Amino acid sequence: MRRYLRSREGLVYFFTVVTHERRPILTTEAGRAALGQAMRHVRAGHPFEVVATVLLPDHLHAIWELPAGDADYSTRWRLIKGGFSRLWSCDDDRSGIGSSRRRKSERGVWQRRFYEHACRDDRDLKRCIDYVHINPVKHGLVERAIDWPWSSFHRYLRVGEYPPDWGGHDVWYGDEFRDVE
(Lines give C-alpha, C1' and ligand atoms only; values in the text may rest on other atoms or scores of the structure.)
Protein backbone atom coordinates (compact mmCIF):
# COMPACT_ATOMS: atom_id res chain seq x y z
CA MET A 1 0.00 0.00 0.00
CA ARG A 2 1.32 3.43 -0.92
CA ARG A 3 2.19 5.72 1.94
CA TYR A 4 1.24 9.36 1.48
CA LEU A 5 3.82 11.64 3.01
CA ARG A 6 2.98 15.29 3.62
CA SER A 7 5.53 18.07 3.68
CA ARG A 8 5.81 19.84 7.03
CA GLU A 9 8.34 22.49 6.05
CA GLY A 10 7.34 25.99 5.07
CA LEU A 11 4.26 28.01 5.89
CA VAL A 12 2.84 28.65 2.40
CA TYR A 13 1.25 25.78 0.52
CA PHE A 14 -0.37 25.22 -2.87
CA PHE A 15 -3.29 22.76 -2.93
CA THR A 16 -5.46 20.99 -5.46
CA VAL A 17 -8.68 19.45 -4.13
CA VAL A 18 -10.98 17.49 -6.46
CA THR A 19 -14.59 16.37 -6.22
CA HIS A 20 -15.43 12.66 -6.31
CA GLU A 21 -15.54 11.46 -9.90
CA ARG A 22 -15.00 15.10 -10.89
CA ARG A 23 -18.63 16.02 -10.30
CA PRO A 24 -19.15 19.63 -11.46
CA ILE A 25 -20.73 20.96 -8.26
CA LEU A 26 -18.35 23.58 -6.90
CA THR A 27 -19.35 26.54 -9.07
CA THR A 28 -23.08 26.02 -8.57
CA GLU A 29 -24.76 28.50 -6.27
CA ALA A 30 -25.29 25.81 -3.63
CA GLY A 31 -21.72 24.56 -3.99
CA ARG A 32 -20.19 28.02 -3.61
CA ALA A 33 -22.37 28.76 -0.58
CA ALA A 34 -21.53 25.47 1.14
CA LEU A 35 -17.81 25.83 0.48
CA GLY A 36 -17.76 29.42 1.70
CA GLN A 37 -19.60 28.54 4.88
CA ALA A 38 -17.39 25.51 5.56
CA MET A 39 -14.21 27.54 5.02
CA ARG A 40 -15.35 30.40 7.27
CA HIS A 41 -16.24 27.92 10.01
CA VAL A 42 -12.87 26.16 9.82
CA ARG A 43 -10.90 29.42 9.65
CA ALA A 44 -12.55 30.56 12.89
CA GLY A 45 -10.98 27.69 14.82
CA HIS A 46 -7.96 26.93 12.62
CA PRO A 47 -6.81 30.21 11.08
CA PHE A 48 -5.10 30.52 7.73
CA GLU A 49 -4.79 33.22 5.11
CA VAL A 50 -6.01 32.53 1.59
CA VAL A 51 -3.19 33.88 -0.57
CA ALA A 52 -4.84 32.87 -3.86
CA THR A 53 -7.68 30.62 -4.95
CA VAL A 54 -9.71 29.57 -7.93
CA LEU A 55 -12.90 27.57 -7.91
CA LEU A 56 -13.63 25.40 -10.96
CA PRO A 57 -16.66 23.15 -11.48
CA ASP A 58 -14.92 19.95 -10.31
CA HIS A 59 -11.84 21.08 -8.41
CA LEU A 60 -10.22 24.00 -6.70
CA HIS A 61 -6.73 25.32 -6.27
CA ALA A 62 -5.75 27.29 -3.20
CA ILE A 63 -2.62 28.79 -1.73
CA TRP A 64 -2.69 29.18 2.02
CA GLU A 65 -0.37 30.83 4.48
CA LEU A 66 -0.53 29.03 7.80
CA PRO A 67 0.38 30.50 11.20
CA ALA A 68 3.94 29.93 12.40
CA GLY A 69 4.27 26.58 14.12
CA ASP A 70 1.00 25.20 12.72
CA ALA A 71 1.41 23.30 9.46
CA ASP A 72 -1.66 21.10 10.01
CA TYR A 73 -3.32 21.72 6.68
CA SER A 74 -4.62 18.13 6.56
CA THR A 75 -6.97 18.78 9.49
CA ARG A 76 -8.14 22.00 7.90
CA TRP A 77 -8.96 20.27 4.60
CA ARG A 78 -10.63 17.36 6.39
CA LEU A 79 -12.87 19.79 8.28
CA ILE A 80 -13.64 21.88 5.19
CA LYS A 81 -14.49 18.81 3.10
CA GLY A 82 -16.62 17.37 5.91
CA GLY A 83 -18.42 20.67 6.51
CA PHE A 84 -19.10 21.07 2.80
CA SER A 85 -20.40 17.51 2.57
CA ARG A 86 -22.82 18.05 5.45
CA LEU A 87 -24.09 21.29 3.90
CA TRP A 88 -24.33 19.90 0.39
CA SER A 89 -27.95 18.92 -0.09
CA CYS A 90 -28.05 16.60 -3.04
CA ASP A 91 -30.26 13.51 -3.01
CA ASP A 92 -27.86 11.39 -5.00
CA ASP A 93 -24.79 11.94 -2.78
CA ARG A 94 -24.81 8.31 -1.68
CA SER A 95 -25.59 6.73 -5.04
CA GLY A 96 -22.72 4.67 -6.34
CA ILE A 97 -20.72 4.88 -3.12
CA GLY A 98 -18.63 1.80 -2.45
CA SER A 99 -18.70 -0.14 0.80
CA SER A 100 -15.32 1.27 1.86
CA ARG A 101 -16.67 4.81 1.66
CA ARG A 102 -19.90 3.83 3.47
CA ARG A 103 -17.92 2.28 6.35
CA LYS A 104 -15.99 5.53 6.75
CA SER A 105 -19.21 7.61 6.54
CA GLU A 106 -17.98 9.28 3.37
CA ARG A 107 -20.61 10.82 1.17
CA GLY A 108 -18.92 10.52 -2.19
CA VAL A 109 -18.51 14.28 -2.58
CA TRP A 110 -14.69 14.58 -2.55
CA GLN A 111 -11.74 12.54 -3.68
CA ARG A 112 -10.03 11.14 -0.60
CA ARG A 113 -6.64 12.70 -1.22
CA PHE A 114 -5.47 16.14 -2.20
CA TYR A 115 -2.30 17.46 -3.75
CA GLU A 116 -0.08 19.82 -1.80
CA HIS A 117 3.14 21.62 -2.57
CA ALA A 118 5.18 23.69 -0.10
CA CYS A 119 6.19 26.93 -1.80
CA ARG A 120 9.97 27.12 -1.55
CA ASP A 121 10.61 30.80 -2.15
CA ASP A 122 9.04 33.96 -3.59
CA ARG A 123 9.66 32.87 -7.18
CA ASP A 124 7.95 29.52 -6.57
CA LEU A 125 5.06 31.27 -4.82
CA LYS A 126 4.59 33.68 -7.76
CA ARG A 127 4.62 30.74 -10.19
CA CYS A 128 1.92 28.98 -8.10
CA ILE A 129 -0.22 32.14 -7.86
CA ASP A 130 -0.02 32.60 -11.63
CA TYR A 131 -0.97 28.94 -12.11
CA VAL A 132 -4.02 29.35 -9.87
CA HIS A 133 -5.16 32.36 -11.87
CA ILE A 134 -4.54 30.89 -15.32
CA ASN A 135 -6.28 27.60 -14.50
CA PRO A 136 -9.73 28.46 -15.94
CA VAL A 137 -7.98 29.35 -19.22
CA LYS A 138 -6.01 26.08 -19.10
CA HIS A 139 -9.27 24.13 -18.81
CA GLY A 140 -10.92 26.05 -21.66
CA LEU A 141 -13.58 27.62 -19.44
CA VAL A 142 -12.71 31.18 -20.51
CA GLU A 143 -10.38 32.90 -22.94
CA ARG A 144 -8.82 35.22 -20.34
CA ALA A 145 -8.27 35.01 -16.57
CA ILE A 146 -10.29 38.18 -16.01
CA ASP A 147 -13.39 36.47 -17.41
CA TRP A 148 -13.57 33.82 -14.65
CA PRO A 149 -15.63 35.12 -11.70
CA TRP A 150 -14.53 32.65 -8.98
CA SER A 151 -10.88 33.56 -8.65
CA SER A 152 -8.67 35.72 -6.48
CA PHE A 153 -7.33 37.13 -9.77
CA HIS A 154 -9.76 40.03 -9.37
CA ARG A 155 -8.31 40.91 -5.95
CA TYR A 156 -4.80 40.89 -7.42
CA LEU A 157 -5.99 43.00 -10.37
CA ARG A 158 -7.46 45.66 -8.01
CA VAL A 159 -4.13 46.11 -6.23
CA GLY A 160 -2.16 46.28 -9.49
CA GLU A 161 -0.43 42.89 -9.38
CA TYR A 162 -1.70 42.03 -12.88
CA PRO A 163 -2.68 44.11 -15.90
CA PRO A 164 -6.29 43.56 -17.05
CA ASP A 165 -5.16 41.77 -20.21
CA TRP A 166 -3.00 39.20 -18.35
CA GLY A 167 -3.93 35.57 -18.59
CA GLY A 168 -4.82 34.59 -22.12
CA HIS A 169 -3.83 31.40 -23.90
CA ASP A 170 -0.44 32.95 -24.66
CA VAL A 171 0.37 32.87 -20.92
CA TRP A 172 -0.81 29.32 -20.32
CA TYR A 173 1.34 27.87 -23.08
CA GLY A 174 4.49 29.49 -21.71
CA ASP A 175 7.27 27.41 -20.12
CA GLU A 176 6.81 28.81 -16.61
CA PHE A 177 3.83 26.53 -15.86
CA ARG A 178 5.20 23.19 -16.99
CA ASP A 179 5.76 21.62 -13.54
CA VAL A 180 3.19 23.24 -11.24
CA GLU A 181 0.45 20.61 -10.98
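Trainee: Which residues in H2 are buried?

Mentor: Let's start by remembering that this is a predicted model. Buried here means under 20% relative accessible area. In H2, the residues that are buried are Tyr-73, Thr-75, Arg-76, Trp-77, Ile-80, Lys-81, Gly-82, Gly-83, Phe-84 and Ser-85.

Trainee: What covers the buried residues of H2?

Mentor: Good follow-up! Look for elements with heavy atoms within 4.5 Å, since that is what contact means. The cover over the buried residues of H2 includes S1, H1, S3 and strand S4 (115–118).

Trainee: Where is Pro-47, and which residues is Pro-47 in contact with, leaving aside its neighbours within four places in sequence?

Mentor: Pro-47 sits in the loop between H1 and S2. Its relative accessible area is 42%, so Pro-47 is partly exposed. Once the neighbours within four places in sequence are set aside, the contacts of Pro-47 are Pro-67 and Arg-76.

Trainee: How far apart in space are Pro-47 and Asp-70?

Mentor: Begin with the sequence, where Pro-47 and Asp-70 are 23 residues apart. In space, going from C-alpha to C-alpha, the distance between Pro-47 and Asp-70 is 9.4 Å.

Trainee: How many disulfides does a search of the whole structure find?

Mentor: A disulfide is a covalent bond between the sulfur atoms of two cysteines. When the whole structure is searched, the number of disulfides found is zero.

Trainee: How many salt bridges does a search of the whole structure find?

Mentor: Here you look for a side-chain nitrogen of Lys or Arg within 4 Å of a carboxyl oxygen of Asp or Glu. Searching the whole structure this way, the number of salt bridges is six.

Trainee: Which residue forms a salt bridge with Asp-58?

Mentor: Start in the loop between strand S2 (49–55) and strand S3 (59–65), where Asp-58 lies. The closest N and O atoms are 3.3 Å apart, and the partner is Arg-22.

Trainee: Which residues are linked with Asp-124 in a network of salt bridges?

Mentor: Asp-124 is buried, at 3% relative accessibility. Asp-124 and Arg-127 both lie in helix H4 (residues 122–138), three residues apart, or about one turn of the helix. Their side chains meet in a salt bridge at 2.8 Å, N to O. The residues linked with Asp-124 in the network are Arg-120 and Arg-127.

Trainee: How far apart are the closest N and O atoms in the salt bridge of Arg-144 with Asp-147?

Mentor: Arg-144 is partly exposed, with a relative accessible area of 38%. Asp-147 is partly exposed as well, at 36%. The closest N and O atoms in their salt bridge are apart by 2.8 Å.

Technical notes:
Residues are numbered from 1 along each chain as its sequence is written. This is a predicted model: local features need pLDDT of at least 70, side-chain atom pairs count only at pLDDT 80 or more; totals for chains, interfaces and linings use all residues. Side-chain values use heavy atoms; hydrogens and water are left out. A disulfide is a pair of cysteine sulfur atoms within 2.5 Å. Helices (H or I, at least four residues) and strands (E, at least two) are DSSP runs, numbered from the N terminus. Buried means under 20% relative accessible area, exposed over 50%, partly exposed in between (1.4 Å probe, protein chains only).
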